[in-house]
Amino acid sequence: MSEMLCLNHICVSYGSRQILHGIDLSLQPGEFCALLGLNGSGKSTLLHGLCGFLPVAGQVQVNGIDCTRMHEKKRAQLLSFLPQTPSLAGGRTTLDAVLMGYNAQLGLFDSPSAAQRQNALAILGRFGLADQADVDFGTLSQGQKQLVLLARSMVQEAPVMLMDEPDSALDLANRSHMAALLAEFVHASGKTALICLHDPMLMLDWCDTLIVLQNGQVGAMLYPRTDPVEALQSALAAVYGPLELVPVTDRTGRVRLALLPL
């Protein structure tokens, strides 16, 4: 299977301070991958560098195409980005905010098609926001705005989705619902997602791969579905401190790992 996202010796700096150096990484189509690390380890910095918000040394390839120094609109056809804090202003409907995801695919004077509008409405419905389609985006709660912008990323049609803590403004129930829908979407669409999550339990429950950033580099690659519990526990303890991973069965009969601080 060909690589969807390939990072070759990526280095990212803030001014004279180098945060990330020598990042080499390959992700496959349909792979839902989480970034984790201590505060300041460079998780958001990596995403911002891949989006072109920060200068990057090295090469970023999406489906074999080098997009390291690509023009913003062309890059948006390959990479979507969901920031931690929504910056989109009101003055537009919720549906129009989602439809903005199609801008990278449309010409300057083109409008979304009827099929694209229907798809945007369907995705809003999956997040329980269909009844907010005609409401001013600016009147929504922070959590609702975050879900709307996630819906915008899903309609953008970029093969790689980058997300910076999209769960940060959500309550517990919506966090789990969001992660489950996103995992289902990535696996079904064949897109690749690289995400920072606020809640480590969501990573263990829904992500295929965990990338641990340490000392400006990839310190470990973890696979929650196949790695021994002891290996996962040791690697996560290096980030979150002493902990224990305990298999539990939820009310649906699904066996999952619970993270218990020690």
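**Close-up 1. Helix H2 gives the largest pocket four of its lining residues, the largest share.** Helices here are DSSP runs of H or I with at least four residues, strands are E runs of at least two, and both are numbered from the N terminus. You're looking at a predicted model, where local features need pLDDT of at least 70, side-chain atom pairs count only at pLDDT 80 or more, and totals for chains, interfaces and linings use all residues. Residues are numbered from 1 along each chain as its sequence is written, and side-chain values use heavy atoms, with hydrogens and water left out.

Close-up 2. A pocket is an open set of points on a 1 Å grid over the protein atoms alone, where a 1.4 Å probe fits and protein lies on both sides within 12 Å along at least five of seven lines; lining residues have an atom within 4 Å of a point. This pocket holds about 640 Å³ of space, a volume being the space filled by probe spheres set on the points, which are joined across faces, edges and corners.

Close-up 3. Of its 22 lining residues, Gly37, Leu38, Asn39, Lys43 and Glu165 sit nearest the centre. Strand E2 (17-27), strand E3 (32-36), helix H1 (43-51) and helix H8 (229-240) each supply at least two lining residues, and H1 has the largest share, with three.
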